[in-house]
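Trainee: I am new to this one and would like to learn how to read it. Could we go through it together, feature by feature?
Mentor: Gladly! Here it is.

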Amino acid sequence: MIRRPNLVKRFLDGVDSPLVMVAAPAGYGKSTAVTLWSDDDERRFAWVRLEALDDDPVHLLRHIAASLDHVVGVEAELIRVLTGPGRSFDTAQLPALGQHLSMCGDLVLVIDDVHLLSTDTSRAVFMGLLSYLGEGAQMVFVGRHEPDIPLARKRLEGELLEIGIDELVMDEAEAAGLLASAGIDLDDEEVADLVGLTEG
């Protein structure tokens, strides 16, 4: 793992933004970047790696609750609300998980592969949970493109930190470190040429 202090600093400088969007095509090291950030951040990180089944909002809520349980624990009553019959998604399940999230304190909830979601109801889960985030907590979307949710207001209000291709590409020093770790010895000019050819 190559340390990337400049990139990590971008994340750490944005801790006051409730929402972080890390968007870039496959291969840009999005999840690795968030992992490096988590190594330097004292807060707890809960990871939700999305799959096709998470396009169902109830399944998605249960998946998020399971990830939180690994980090901060989840009360039995919340599990009953999320798994019991006859519970309304809008008026019972989402508010119950939101209330739990609001009491988690300093927490970073990472939603990885967010581009896999395609239904409006599943995407609405995140907008709903965002409203429950407490002070010192953040939600992080990691995906190949931005999810189809309203982000313009977050941008205008300074509540969105965006990390994209320009931030994720390696500079020459980082590339030289990566090459050296693989036993590849290039001079500065060759490293610069390689970084230019591969666009970071």
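Trainee: Which residues in helix 3 meet which residues in helix 5?
Mentor: Keep in mind that this is a predicted model. On the helix 3 side you will find P57, V58, L61, I64, A65 and L68, and they meet F89, Q93, L94, L97, H100 and L101 in helix 5. The residues of this contact divide into 10 nonpolar, two polar and no charged.

Trainee: How do I describe the way the two helices are arranged?
Mentor: Two packed helices are described by the angle between their axes and the distance between the axes. Here the axes of helix 3 (residues 57-71) and helix 5 (residues 89-102) come within 11 Å and cross at roughly 20°. Angles under 35 degrees count as roughly parallel, so helix 3 is roughly parallel to helix 5. The crossing in which helix 3 passes helix 5 is left-handed.

Trainee: Which residues have the most contacts inside the largest nonpolar core?
Mentor: They are I64, L68, L109, I111, F126, M139 and F141, in a core of 35 residues.

Trainee: Is a residue in a loop buried or exposed, taking S17 as the case?
Mentor: S17 is found in the loop between helix 1 (5-13) and strand 1. Buried means under 20% relative accessible area, and S17 has 9%, so S17 is buried. Beyond its sequence neighbours up to four places away, S17 touches Q138, G158, E159, L160 and L161.

Trainee: And where does V81 lie?
Mentor: V81 lies in helix 4. With a relative accessible area of 8%, V81 is buried as well. With residues up to four places away in sequence not counted, V81 touches R87, A92, Q93 and A96.

Trainee: How should I read the backbone angle phi?
Mentor: Most residues other than glycine have a negative phi. Look out for D113, where phi is near 65°, a positive value in a residue other than glycine. D113 is placed in the loop between strand 3 and helix 6, and is partly exposed, with a relative accessible area of 30%. E199 is not a glycine either, and has a positive phi of about 55°. E199 sits in the segment after helix 10 (188-198) and counts as exposed, at 58% relative accessibility.

Trainee: Let us step back to the whole chain. How many helices and strands are there?
Mentor: The chain has 10 helices and five strands. Its C-alpha atoms fill a box of roughly 65 × 35 × 30 Å along the principal axes. Of the 200 residues, 44% are buried. Among contacts between residues at least 6 apart in sequence, 75% join residues at least 24 apart.

How values were computed: Residues numbered from 1 in each chain as written. Predicted model: local features only at pLDDT ≥ 70, side-chain atom pairs only at ≥ 80, totals over all residues. Heavy atoms only, no water. Axes fitted to C-alpha atoms, helices over the stretch in contact; angles between N-to-C directions. Helix = DSSP H or I, 4+ residues; strand = E, 2+ residues; numbered from the N terminus. Parallel < 35°, antiparallel > 145°, perpendicular 65-115°, else oblique. Left-handed = near helix turned anticlockwise from the far one by under 90°. Contact = heavy atoms within 4.5 Å. Nonpolar A, V, L, I, M, F, W, Y, C, P; charged D, E, K, R; others polar. Core = buried A, V, L, I, M, F, W, Y, C linked by side-chain atoms within 4.5 Å. Buried < 20%, exposed > 50% of the residue type's maximum accessible area, 1.4 Å probe, protein only.
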